[in-house]
Structures are given as C-alpha cells and as structure tokens.
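User: Hi! I would like to go through this model with you, one question at a time. Could you help me read it?

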Amino acid sequence: MKFVIVFSALFAVAFAASLQDSSLNAGIIRYENDNIGVEGYKYAVETSDGSSHSEEGVLTNLGKEGEGLSVHGQYSYVGPDGVTYTVTYIADENGFQPQGAHLPNGAQ
C-alpha cells in the first residue's frame with residue numbers, strides 16, 4: 001500500500017510538471033502538498049493558464065482485508081473554445097467515476 005501512496009505523490013509532481021510543459025509555457029502559480037503519509041495524501045496545483053488539479057487520497061480498511069485507497073478530486077482546464085471545463089471524480093474499489101457537465105452518457 002505504501003507503493004500506491006508513493007506512486008500517487010510522484011504522479012502529482014509529474015502532473016504539475018506536465019502542465020507547465022504542455023500549456024504553452026504556463027507556470028505553476030500555486031502548489032500545495034499536505035498530509036502525504038502512510039495513511040493518505042492531499043495536494044493541489046494551479047497554473048497561470050487557468051488549469052487546476054486537486055486530489056486527496058485516504059487509505060481505507062488499514063491492516064484489514066479489503067485494504068485500499070479511496071481518492072477524490074477535481075481538475076479544471078480552459079478548452080480551445082475559451083470555456084472552463086471541470087471534472088470531479090472518485091476512484092475507489094468501484095473504479096474511476098468522473099462527473100462533469102460536458103461528459104457524455106450521464107456522467108454529470
């Protein structure tokens with residue numbers, strides 16, 4: 001389980017770096033990572049192009065059968081049409097569950 005938490009933390013750093021590289025030289029204007037530990041993590045990043053991502057993961061059923069990671073978060077970005085799109089999500093034992101007004105098939 002420690003691997004999942006470490007992987008998630010590394011993903012957050014890689015995501016922040018990729019935002020900076022892929023957003024026409026957008027810079028990171030806010031980055032927070034709190035509570036990164038054995039039982040969970042929390043981070044947020046915002047870039048100068050209006051994109052943002054925040055996420056929190058919590059270890060569930062610690063030390064018991066069915067131990068897992070429950071994650072919830074959101075990300076926003078400005079599309080080519082100038083509209084800000086936001087996706088909220090949960091990722092847990094039931095899989096990745098995104099919600100957004102622009103997503104098809106009732107994932108709203």
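User: Which elements does the protein hold, and in what order do they run from the N terminus on?

Analyst: This predicted model has 1 helix and 6 strands. Of its 108 residues, 29% count as buried. From the N terminus on, the elements run α-β-β-β-β-β-β.

User: How many of the residues of β2 are buried?

Analyst: β2 spans residues 40–47. This strand is mostly covered, and the number of buried residues is 6 of 8.

User: What is the bridge partner of Y41 in β3?

Analyst: β2 and β3 pair in the antiparallel sense over 7 bridges. Their hairpin has 4 residues between the strands, and G50 takes a positive phi near 95 degrees there. Within β3, the residue that bridges to Y41 is G57.

User: Which residues make up the largest nonpolar core?

Analyst: In soluble globular proteins, nonpolar side chains tend to be buried together. Here two strands, β2 (40–47) and β4 (68–78), each supply at least two residues of the core. The core has 5 residues in all: Y41, Y43, L69, V71 and Y89.

User: Which side chain of opposite charge is nearest to E55, and how far away is it?

Analyst: E55 lies in strand β3, residues 52–60. Its contacts beyond four places in sequence are Y41, K42, Y43, V71, H72, G73 and Y89. E55 is buried yet has no salt bridge. A salt bridge needs a nitrogen within 4 Å of a carboxyl oxygen, whereas the nearest side chain of opposite charge, K42, is away by 13 Å.

User: With which side chain does the side chain of E55 make a polar contact?

Analyst: Y89 is one of the residues of the largest nonpolar core. Leaving out residues up to four places away in sequence, Y89 touches H53, S54, E55, V71, H72, G73, Q74, Y75, F96, Q97 and P98. At 2.4 Å, the polar contact partner of the E55 side chain is the side chain of Y89.

User: How many salt bridges does the structure hold, and which residues are linked in a network?

Analyst: R30 forms a salt bridge with E32, with the closest N and O atoms 3.0 Å apart. R30 also meets E46 in a salt bridge, at 3.3 Å from N to O. The structure holds 2 salt bridges, and the linked residues are R30, E32 and E46.

User: How many residues apart in sequence are the parts that R30 and E46 tie together?

Analyst: The side chains of R30 and E46 meet in a salt bridge. R30 lies in strand β1 (residues 28–37) and E46 in strand β2, so the pair ties together parts whose separation in sequence is 16 residues.

User: Are R30, E32 and E46 buried, partly exposed or exposed?

Analyst: Buried means under 20% relative accessible area and exposed means over 50%. R30 has 31% relative accessibility, E32 has 37% and E46 has 29%. Those values lie in between, so R30, E32 and E46 count as partly exposed.

User: How far apart in space are N33 and S54, C-alpha to C-alpha?

Analyst: N33 is found in strand β1, and N33 is partly exposed with a relative accessible area of 38%. N33 touches K42 and Y43, not counting residues up to four places away in sequence, while its side chain makes a polar contact with that of Y31 at 3.4 Å. N33 and S54 are 21 residues apart in sequence, and their distance in space, C-alpha to C-alpha, is 9.5 Å.

User: Which residue takes a positive phi in the hairpin of β4 and β5?

Analyst: β4 and strand β5 (residues 84–92) pair in the antiparallel sense over 8 bridges. The hairpin has 5 residues between the strands, and the residue with a positive phi, near 85 degrees, is G82.

Definitions and conventions:
Residues are numbered from 1 along each chain as its sequence is written. This is a predicted model: local features need pLDDT of at least 70, side-chain atom pairs count only at pLDDT 80 or more; totals for chains, interfaces and linings use all residues. Side-chain values use heavy atoms; hydrogens and water are left out. A nonpolar core is a set of buried Ala, Val, Leu, Ile, Met, Phe, Trp, Tyr and Cys residues joined through side-chain atoms within 4.5 Å. Buried means under 20% relative accessible area, exposed over 50%, partly exposed in between (1.4 Å probe, protein chains only). Contact means heavy atoms within 4.5 Å. Two strands pair if DSSP finds at least two bridges between them. Lys and Arg count as positive and Asp and Glu as negative; His and the chain ends are not counted. A polar contact is a pair of N or O atoms within 3.5 Å; within protein, one must be able to donate a hydrogen and the other to accept it, and residues adjacent in sequence count only if both atoms are side-chain atoms.
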